[in-house]
Amino acid sequence: MNKNTKFLNLREKDPFLERERQRYENPLPSREWVIDILEQEGVPLKIAALAQKLSITDAEYEFFERRIKAMARDGQVLINRRGAVCVADKLALVKCRIEAHKDGFGFAVPLTPTGEGDFVLYERQMRGLMHGDIVTVRPGGIDRRGRREGQVLDIVERAQKQVVGRYYIERGVAILDPEDQRLTQSIILEPASLTEMNPQSGQVVVAEIVSYPDAHRPAVAKLIEVLGDYADSGMEIEIAVRKHQLPYIFSEACMQAAENIPDHVQAKDWDEDRVDLRDLPLVTIDGETARDFDDAVYAEKIGRNFRLVVAIADVSHYVRPDDAIDKDAQERATSVYFPRRVIPMLPERLSNGICSLNPDVERLCMVCDMVVTYAGNIKEYKFYPAVMRSKARLTYTQVWEWLEKGGDYPHKQPIETLYKLFKILQKKRHQRGAVEFESLETQMMFDDNGKIERIVPVVRNDAHKLIEECMLAANVCAAEFLLKNKHSALFRNHLGPTPEKLATLREQLGLLGLHLGGGDNPAPKDYAKLAEQFSSRPDSELLQVMMLRSMQQAVYEPDNKGHFGLAYEAYTHFTSPIRRYPDLTVHRAIKAVLKQKKYTPKSWQALGVHTSFCERRADDASRDVENWLKTYYMRDKVGEVFGGRISGMANFGIFVTLDDIHIEGMVHISDLGEDYFNFRPEIMAIEGERSGVRFGMGDRVVVKVARADLDTSKIDLTLISGGEKSNKRGKKPSDKAAKSAKGNNSRSHATVKAKAKGKSSDAKHGGKPSAAKSKRRGKKKH
């Protein structure tokens, strides 16, 4: 009896018991209390022993076991091979996501960044793991290349449920060859599933994994869908959607909830706080092909200052936390833009309907109302919910033509006022030292049959930049407002260079005759000055990439760390809640402050990690489709000769961007001439040993299209003419310089030799480590 009383008292001592009682009718011991008990014991306990210690009844045991396993999935505890529960902190475990490489190795990327970097996993450690798996890792030592090593202790969650790939028969065995090259092993298909669907060899299929690989056996899957032939129209998007596991079908609950939302503003949508802006001449300015309009602008002169009004669709009025639409939106986290198709974050009834600021209809909005001084400083601002009526749907091309030609045109006064304000804000941007990168963006033009007719450059005019500056101003105000009111939110953080990356950049720049100021802590202004130094150089594109690589990736995080590239102390995303989930949460947080309440999702940290991951996933999927379409377009150009410019290089060859069509292909190093050619990473050139012929960044060449391989989305070129004879024989790069030029790439950039005789441009080649392009996906992305 005394023993039982002791158990009951131990359970009742749970400091979070009252909270659990509010959540559950029959509360279990809280997660925190379970961890405390394990720490007090000092040794791992089996679930049954832990249940006895906490007086778990037979009826409760199944639910208690589920809670422990959920804690293991969340990385709070580890269930070891003997079935004992260990406190994760005691083992210094790190919960990570697996990022596999097509060459067999991989990295374990901590879900919660620690600043200590990722864990490298060698090929033998990757057996049994698949790209995207969530695992727990015990930190190890440092390898000879300075990378953190780790031991994967447990697979918490499998990422790959379904796999898309090509179907083949090899030695009588049905094989799925995954489209995702990071899934390096073929998957065996169950014979029973083949009989029903009868796929043809080489067709694109989807299979559901039945058993996962281990150190000795491959994965097994059953066929669930035959998509069709590889070259079918639209197949590239079907593959990308499944390869990157993009949610593309809304749940029934979500669609039903969307149907219940009215298609017009109703009287009940008004409350005492909503401001009537229906008479204010707000207009939307977007691209010609835009279908959803989530921002409208207006500006007027107030003495020497300006009033700038940025009205954003009030999505948060219709999408409430944890409702059916919100769950789907959070899972997607972003809209994904493909040529000819969009996978939206919200159902079309919202994104193109009630939440789109269409002209001449009432729409609910959230407003950032600012006063900007003649010097470009935001003197004051306020946020409030409003109802508006857009006076016009304008395009960038239309507005820029009006501004260039002058004369009389619709909405002349507010547009000219916006343009005057833009020039002031742009001047302030330069004074602030924001880093500006100008990369060529292209647009594919399709015929009625869905084939590319031509690829044209997208010219960013001042109308684009005008809207961008308006959005930046509103985003900065949103960040400042939330910080001032001490409300948590997802900030858009972009950090500058790490000491290691900075040292690498400085050494590379020094070898190229350039200098980055700022000492050990360069500011955005120092980067901006550097960009001015090389803006007219032929290798400016490469230098831009080197600068970008020295900075860290922009991410969503709950702690404000500033935006280095834009030179802002605090920055967040407020202006696109139709297509970005972080913006929706910022709207909810601002509304909560206005009502003197708090908006609190389950975990700001987890939400930041998830939305950052989904953003990268969407970019990868869009890039895959774009590369495939360009390769398909080039199939008809095999044998044709083009002029071009060297836009990148690596130890295996040079990358050439072809004139007029703006497509990139590769000339293998073995096709550069009758010589041994050496890659000189310290000066970003490839040079012949005997001839002294040198190929440098930005050099003009003439090439012929040799092959367009749809399987790899690679375009092979052969050199017709090009290359310049250097004045003096170049010295071999020092080990130190070569190491510096490698940067953070896992692939070695050591000097490579290749002879032209007997070699073919069909040789396999990898990605483009020297000058991968940085492009904005969608509109107004920072």
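Helices (H or I, at least four residues) and strands (E, at least two) are DSSP runs, numbered from the N terminus. I keep that convention throughout these notes.

**Setting up.** I am working on a predicted model, where local features need pLDDT of at least 70, side-chain atom pairs count only at pLDDT 80 or more, and totals for chains, interfaces and linings use all residues. Residues are numbered from 1 along each chain as its sequence is written, and side-chain values use heavy atoms, with hydrogens and water left out.

I looked up backbone angles and stopped at Ala567, a residue other than glycine with a positive phi, near 60 degrees. I found Ala567 in the loop between β26 (555-557) and α19 (581-594). Ala567 counts as buried at 16% relative accessibility; buried means under 20% relative accessible area, exposed over 50%, and partly exposed in between, with a 1.4 Å probe and protein chains only. His662 is not a glycine either, and its phi is positive at about 60 degrees. I place His662 in the loop between β28 (653-658) and β29 (664-668).

**The annotated stretch.** I checked the UniProt record, where an unreviewed entry puts "domain: S1 motif" at residues 639-720. UniProt positions are given in the numbering used here, feature names are shortened, and annotations may be inferred rather than shown by experiment. Over residues 639-720 I read 0% helix and 61% strand, with the end C-alpha atoms 12 Å apart.

**α3 against α5.** Next I took helix α3 (residues 31-41) and helix α5 (residues 58-73), whose axes come within 11 Å and cross at roughly 80 degrees. Axes are lines fitted to C-alpha atoms, for helices over the stretch in contact, and angles run from 0 to 180 degrees between N-to-C directions. α3 and α5 are therefore roughly perpendicular to each other (under 35 degrees counts as roughly parallel, over 145 as roughly antiparallel, 65 to 115 as roughly perpendicular and the rest as oblique). On the α3 side I list Arg31, Val34 and Ile35, and on the α5 side Phe64, Arg67, Ile68, Ala70 and Met71; contact means heavy atoms within 4.5 Å.

**α14 against α15.** Helix α14 (residues 412-432) packs on α15 at about 70 degrees, with the axes 9 Å apart. This pair is therefore roughly perpendicular as well. I note Leu418, Tyr419, Phe422, Leu425, Gln426 and Arg429 of α14 meeting α15 residues that include Asp462, Leu466 and Leu472.

**Cores.** Which residues touch the most other members of the largest nonpolar core? In this core of 88 residues, they are Leu308, Val310, Leu350, Met370, Phe383, Phe574 and Ile590. A nonpolar core is a set of buried Ala, Val, Leu, Ile, Met, Phe, Trp, Tyr and Cys residues joined through side-chain atoms within 4.5 Å. Helix α15 (residues 462-484) gives the largest share of this core, 11 residues. Another core, of 66 residues, lies apart, with Val336, Ile646, Ile663 and Ile669 among them.

**α17 and α18.** In helix α17 (residues 524-534) I find Pro524, Asp526, Tyr527, Ala528, Leu530, Ala531 and Phe534 buried. Their cover includes α16 (499-511) and α18 (540-550). In α18, the buried residues are Leu542, Leu543, Gln544, Val545, Met546, Met547 and Ser550, and what covers them includes α16 and α17.
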